[in-house]
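This report covers pockets and a surface patch. Please read it alongside the structure shown below.

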Amino acid sequence: MKKWLKVVIIILVILVVALLAFFIINRYTEQNEANNDIQDSSIQYNNIDEIAVMDVVIVKVNERYLGVVNKDNPDDIMTVGIPDNDTNEYKQNQEIRVLYTGGIDESYPSSPHKVSQIEILKENSDIEIPEKVLKYFYSSRNNVEVSNIRVTQTGIDFEIKDTNDLKYEYKNTYTIYKKNKRTEQVESPNIPVVTGNSTSSYEGSGKPLWEEATKVSEIKSEDTVTAENVDNNTVGKICDWTNLYGKLEDGEYEFVMPADGFYIRIAFSINESGQAENINYELQ
């Protein structure tokens, strides 16, 4: 064999061995770092391959669970069950590490399954909890009341009293839905709920049971609303839809206005004389 060929073969062998050594060392280093990260925690891990870990910030403490947000995404709301043998004392804004061996429940809010242990990492996290998350855990619709509702063919006015410490935001946008008379003779045991993010709902025959009332223009609904503060807990809304829906004919209607995470729904009827009746509301 020629001398130059031997040199080439030796160089190739050295390169192959060097590459193998590099990959082995790199793999060992990554595994060792992962093990060190886990060992740095006071939580004891029996089987590294079967655990899952997440770092979250506490928003609210309940007797059996914690309301939390994901440390890396504070808009991601979750609930974490407190293990039976847990002796930690929890409070808002603590940063904690959660060890669990199950999956993540995809309901809202989501929740990790089979939480086995929780460790407090920081007493005061640097993560700022969004206001909408605080409202989710601390405010309640039970503290909201709609009153003094007055309806005509061309508008509605009412007052919203909110006694929550963290009050909801009540938008000025709204939609009016009308019940389709053509479906009244069709038996439908489960009447669908009209929602503010849908233009129609349906009953069993496939015909629209509720449809948005006919518009007379494409102006924005918020341009037809006047809002004013009555007191520290109460806001008044005056809606004149003359230039949006015109003058409502007789029939059954739903007025739907969005708030933070729910809708104010005011049901009413306009009789043949043009008078409003059967007025009631619900928060949904």
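## Basis

This is a predicted model, in which local features need pLDDT of at least 70, side-chain atom pairs count only at pLDDT 80 or more, and totals for chains, interfaces and linings use all residues. Residues are numbered from 1 along each chain as its sequence is written, and side-chain values use heavy atoms, without hydrogens and water.

## Largest pocket

The largest pocket holds about 350 Å³ of space (a pocket is an open set of points on a 1 Å grid where a 1.4 Å probe fits, with protein on both sides within 12 Å along at least five of seven lines; lining residues have an atom within 4 Å of a point). Its lining has 14 residues, and Lys-132, Tyr-136, Tyr-168, Asp-260 and Gly-261 are the closest to the centre. Strand 3 (73-81) and helix 2 (131-138) each give two or more residues to this lining, with helix 2 providing the largest share, 4 residues.

## Second largest pocket

About 220 Å³ of space lies in the second largest pocket. Of its 14 lining residues, Lys-178, Ala-213, Thr-214, Glu-249 and Tyr-253 lie nearest the centre. The elements giving two or more residues here are strand 10 (175-179) and strand 12 (208-212).

## Nonpolar patch

Ile-11, Leu-12 and Leu-15 make a nonpolar surface patch of about 290 Å². Leu-15 belongs to helix 1 (residues 3-40) and has a relative accessible area of 49%, so Leu-15 is partly exposed (between 20% and 50%, with a 1.4 Å probe and protein chains only).

Notes
Points joined across faces, edges and corners; volume = space filled by probe spheres on them. Patch = residues over 30% accessible without salt bridge, like charges linked within 9 Å, V, L, I, M, F, W, Y side chains within 5 Å. Areas by Shrake-Rupley, 256 points an atom, 1.4 Å probe, with all protein chains shown as cover. Salt bridge = Lys/Arg side-chain N within 4 Å of Asp/Glu carboxyl O.
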